[in-house]
Amino acid sequence: MIHLEHATKLYGPVMGVNDVSFALAVGGYGLLGPNGSGKSTLLNLITGQLRPTLGTLRVLGRDPARQCRVLRKIGYCPEQDVLYEKVTGFEFVRYLVRLHGFSAREASARAERALERVGMAEAMHRRMGGYSRGMRQRTKLAQALAHDPELLVLDEPLNGLDPIGRHDMTELLKSWIRSGRGLLLASHILHEVEAITQSFLLICGGRLLASGSAEEVHALLADVPNQIHIQCDGAAELAQRLVAEGAVESVRFVDGGGLVVGTRSPANLYARLPEWVHDTAIRIHQLRSTDDSLPALFASLLRIHRGER
Amino acid sequence: MPIHDLGYRAWQGRLVPEMFRFWAITTTGIRLAWQNRWLRRIVYVTWLPAIYLSVGFLLYEQFLARDIPARALKQFITSFPVDDSAPGDDRHGVWSWLLWVFFRYPQGLLMVLVVGLIAPPLVAQDVRTRAFLLYFSRPITRLEYLLGKMSVVWVYLVAITTLPALLLYVAAVFLSPDFSVVRETWDLPLRILGATLVLTIPTTLVALAFSSLTSDTRYASFAWFALWAIGWVTYGVAMASLNGTLDDRWTLISPYHTLGRVQSWVFGLERGPLAQPVLPALIELAVLSVVSLAVLVRRISSPMRI
């Protein structure tokens, strides 16, 4: 479906995408990376809006920048708001479908179906100037779906959606993948992507840091100490106990009474912690893993890439 | 047991031929522009001069039939090129002149207004909304995009200049004594098309270039009207200060007068020993068009380039 070989994109002296190679078969993939990591540049390469400075890129067997007719098979939802205030959502989607070569009648039917599919049936004939952020996001998604592409490329498609909207879109995208079509979804929120697909591409600083299933990514991180924040009374006593038990790699005291500990086996720590604090004056108020967030994941991956493991 | 493929199935219907993809951009642009109440009013008004000039054709045919004197024609239009002392049958020349007057004066001014209302938002709003991301992630080339946008302006310009001019010609044929006049004036419809090209190509390109340079429609409108107004005023002031003895080459400072010069050449009115060379005006329009096209292409491509 998508094949990149040493693809590099330079913006003058700035590296947008740095020597990225991968081959994706048909299916759903999450492109994860913090803001400014090169996700949008990579998507713009895939949708033919940019040409790689170095390397090659093929989407559905074609070079999208040189053979723009392959874009007929791609649906793209950019991150930015593309809003025409004076036209209705229906007119907007119909217009964009017509650019694919559909007749006006066919484009109208497709626009209507796509807008209904994303939950915009009620508001599709209202001007877009009056749309909420979530409605604009749904309309943008509708224009990407309406021409029934083989590959859907979405850049932060769940931004601005309320929880119900997120759930609806998540179900829609899961059914899209189940129907045998391709999906590449860029996001900087791990759980959003995990809810839709279990295949990840992790990108940071324009480089592809890791790829594979959720299990593979977790396995990759198994040897990296997890950071756990423990908010408690009696932090010194707890630290002493944890070090004595050999349960942690590092201990750091934080302001406000608490510890940040580093451990390679967080599950073991979670399981045995109640036993260690039982019958002591230690009171644990809060326990949370600081590695839950994507930045921590990428920090860990970058440490691996720098050989600091 | 048969195994059914329930996966993705490509659409098997017919698509619009690729060479007409730009038309979707054009028709949408035309429809959106037509929502402007002021544009609708001006377009309706643009047909009035054609009705007025059709009377000119009628009077001229009566003059040829010796039914009315040249004085009556000059009351209609002061500079009507007829003379009682030499009532030669120069139907081709007079019809050309009337059609040129139509292009040059009423339509030349109304064109500035119409283009000033249509063109500024055409590219500027796509710059503002970053719609290039959506256009060029579809099977649309930058050239097709440009063609689609330019065609919006062309359609309106054809509607306010070419169509009424052609109808004016047809009306003139019907007002003449018999259809043999077609043999004499067959080239005028072609000259109308030539004058249309001279009018539409540079004006459209310049207007869209202004539109592409800003995300604010008002700036593009201002630049468009300023171009014509400053050129006109500068030429007028120069003429006045030199008591009308200005060299004709000075028309090049005014786009309006440059267009008029080329159009008069297209209609065959620049003849005789006193005719001024039209080449400088043609070169100016060509340079203006090429520079505007280069700006447009650069601006349309630049959102994806750093």
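Which residue in β7(A) is the bridge partner of Leu32(A)? The bridge partner is Ser187(A). Before going further, some conventions apply. This is a predicted model, in which local features need pLDDT of at least 70 and side-chain atom pairs count only at pLDDT 80 or more, while totals for chains, interfaces and linings use all residues. Residues are numbered from 1 along each chain as its sequence is written, and chains are lettered from A and ligands numbered from 1 in the order in which they are written.

Leu32(A) belongs to strand β3 of chain A, residues 28–32. Helices (H or I, at least four residues) and strands (E, at least two) are DSSP runs, numbered from the N terminus. Strand β3(A) is joined to β7(A), residues 182–187, by 5 bridges, and the two run parallel. A further 3 bridges join β3(A) to β8(A), residues 199–204, again in parallel; here Gly30(A) has Phe200(A) as its bridge partner. Two strands are said to pair if DSSP finds at least two bridges between them. Strands of a sheet pair through backbone hydrogen bonds, either parallel or antiparallel.

Strand β3(A) is largely enclosed by the rest of the structure, because 5 of its 5 residues are buried. Buried means that 20 or more other C-beta atoms, placed from the backbone, lie within 10 Å of the residue's own; with 12 or fewer a residue is exposed, and in between it is partly exposed. In a regular strand the side chains alternate between the two faces of the sheet. In β3(A), Gly28(A), Gly30(A) and Leu32(A) point one way, and Tyr29(A) and Leu31(A) the other.

Elsewhere in chain A, 3 strands form an open antiparallel sheet in the order β2-β1-β4. Its edge strands are β2 (14–24) and β4 (54–59), each pairing on one side only. The twist averages 25° from one strand to the next. Strand β1(A), residues 2–11, is joined to β2(A) by 7 bridges, and Leu4(A) stands opposite Phe22(A) in β2(A). Helix α1(A), residues 39–46, lies across β1, β2 and β4 of chain A at about 60° to β2(A). Axes are lines fitted to C-alpha atoms, for helices over the stretch in contact, and angles run from 0 to 180 degrees between N-to-C directions.

Next comes a helix pair. The axes of α2(A), residues 89–98, and α3(A), residues 104–117, come within 8 Å and cross at roughly 125°. That makes α2(A) oblique to α3(A), since angles under 35 degrees count as roughly parallel, over 145 as roughly antiparallel, 65 to 115 as roughly perpendicular and the rest as oblique. Residues making the contact include Phe90(A) and Val93(A) of α2(A), and Ala107(A) and Leu115(A) of α3(A). Two residues are in contact if their C-beta atoms, placed from the backbone, lie within 7 Å.

Chain A has 10 helices and 13 strands, whereas chain B has 13 helices and 0 strands. Buried residues make up 42% of the 309 residues in chain A and 39% of the 306 residues in chain B. Where the chains meet, the contact takes 33 residues from chain A and 23 residues from chain B. On the chain A side, β5 (74–77) and α2 each supply at least two residues; the largest share, 3 residues, comes from α2(A).
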